[in-house]
Amino acid sequence: MAAAFITGSWIDVVHPCPRDGVYWNRRTLAYTDEDWAVLIRHLRRDLGLELLMLQCVAKDGLSVYPSRVMQEPLEKRWYTRNCYDPLGAILKACSAEGMDFYMGVGFIPGELDSGRVQTGDEAMRWYEAVSAELLDRYGGEAGWKGWYMAAEMSVVQGKLEPAQTAFAGRLTAMWRRLTPKWPAIASPYFLHGQRRLDDCDDNVRRVEETGLTAIAYQDGIGLATAVQVPGPPDPLNNERLFATARRVHDHTGVALWANTELFCFENEIFFQPLIPASFERIEAQVRLAAPHVERVVAYTVPGLMTSQRVCPGLGVPQTEELYLAYTVYRKGMNAKEG
């Protein structure tokens, strides 16, 4: 199974929920092409990340790249003062650093947040039009290796939601028509904090139905201080969650990944901005998930576990502290393996 390292992360230009990402989007919305290049180099060389997944190319009907599908005139894009094409800048930097990049296409106009997946024909037409435009514009970038289902599926009472898994199957089939050999991943969340995936035939069928290459379940530890999920956070849940998910995925051809939540809510109040959690909690999350999964990825390294010296203002002071603690951990683990 996976080594106890974080090898991938999400990244965004603008967070789907601007309140959550305020402490890094205040900088990313002002980034230059060179700022993006510095960040990607830092993630690859200093943190050892191998892949990045863009959360979304669009939010509220506005794009983070020059798009003719989503709106006219082009000035209605998300306002990024110093960079004409942030998506292009991220892709170029990933290609230069040899990092794999997965494109998160959603959210479609009117889609609010996670777990509210629109599954109708109109949604599919939107996804296909945007995906085709992205391929036409960026398909030559060596770093672009796959797709990410940005509109998150949900797990309700231990079971994947069937309408959402069926839509995922339609979405991945469309992507296979466009790019037959590219993988596709998703990262479902657990409704009402009931962090479990039941070991049952229904879930086996639903996982297979998605057509996904890998599913990275959110571990839900970051939400433990939320009003809906009384704390304290329990990293031991990762051992239970991913051991059960392993039994489900062993009956499918879909890889199992762990999405390690690096955050907690500021002042431990739900819907306050996200800030870094303690390293001790995160280390436990990673160690307990790793034996059961093929890969450990994280939400989200940029802004929560990056160096303030390399990327000033990207996050809060605790961001530097978490970066330094994880760097020491990586060095120690590498020395043991060596």
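Reader: Thanks! To start, in which sense do strand 1 and strand 2 pair, and over how many bridges?

Author: Strand 1 (residues 8-11) and strand 2 pair in the parallel sense, over 4 bridges. Two strands count as paired if DSSP finds at least two bridges between them. Helices (H or I, at least four residues) and strands (E, at least two) are DSSP runs, numbered from the N terminus. Before we go on: this is a predicted model, so local features need pLDDT of at least 70 and side-chain atom pairs count only at pLDDT 80 or more, while totals for chains, interfaces and linings use all residues. Residues are numbered from 1 along each chain as its sequence is written, and side-chain values use heavy atoms, with hydrogens and water left out.

Reader: Good to know. Which residue stands opposite serine 9?

Author: Leucine 52 in strand 2 stands opposite serine 9. Leucine 52 also has a bridge partner in strand 5, phenylalanine 101. Strand 2 and strand 5 pair in the parallel sense over 3 bridges, and leucine 51 is partnered with aspartate 100 of strand 5.

Reader: And where do the side chains of strand 2 point?

Author: Leu51 and Met53 point one way, Leu52 and Leu54 the other, and all are buried. Buried means under 20% relative accessible area, exposed means over 50%, and partly exposed is in between (1.4 Å probe, protein chains only). In a regular strand the side chains alternate between the two faces of the sheet.

Reader: What about strand 5, how many of its residues are buried?

Author: 4 of its 5 residues are buried, so strand 5 is largely enclosed by the rest of the structure. On to its next partner: strand 5 and strand 6 pair in the parallel sense over 4 bridges, with phenylalanine 101 opposite tryptophan 144 in strand 6.

Reader: What do these strands build, and in what order do they run?

Author: They belong to a closed barrel of 8 strands with parallel pairing, running 1-2-5-6-9-11-12-15. Neighbouring strands of this sheet are turned by 25° against each other on average, direction ignored.

Reader: Nice. Which strands does helix 3 lie across?

Author: Helix 3 (residues 86-97) lies across strand 2 (51-54), strand 5 (100-104) and strand 6 (144-149), and runs at about 155° to strand 5. Axes are lines fitted to C-alpha atoms, for helices over the stretch in contact (heavy atoms within 4.5 Å). Angles run from 0 to 180 degrees between N-to-C directions.

Reader: Switching to helix 5: which of its residues are buried?

Author: They are Gln164, Thr165, Phe167, Ala168, Gly169, Leu171, Thr172, Met174 and Trp175. Their cover includes helix 4 (121-138), strand 6 and helix 6 (201-209).

Reader: Now aromatics. How many aromatic pairs are there?

Author: The count comes to 17 aromatic pairs. Rings of Phe, Tyr and Trp (its six-membered ring) pair if their centres lie within 6.5 Å; planes under 30 degrees apart count as stacked, over 60 as edge-to-face and the rest as tilted. One of them is phenylalanine 265 with phenylalanine 270, edge-to-face at 5.2 Å centre to centre and 75° between the planes. Phenylalanine 265 is buried, at 3% relative accessibility.

Reader: Why is the pair of tyrosine 326 and tyrosine 329 called tilted?

Author: Their ring centres are 5.8 Å apart and the planes are at 35°, so the pair is tilted. The two tyrosines are 3 residues apart in helix 9 (residues 317-337), separated by about one helical turn. Tyrosine 326 is buried at 2% relative accessible area, and tyrosine 329 is buried at 8%.

Reader: Last one: what is the peptide bond from tyrosine 299 to threonine 300 like?

Author: That bond is cis, with omega near -10°. Threonine 300 is in the loop between strand 15 (295-299) and helix 9.
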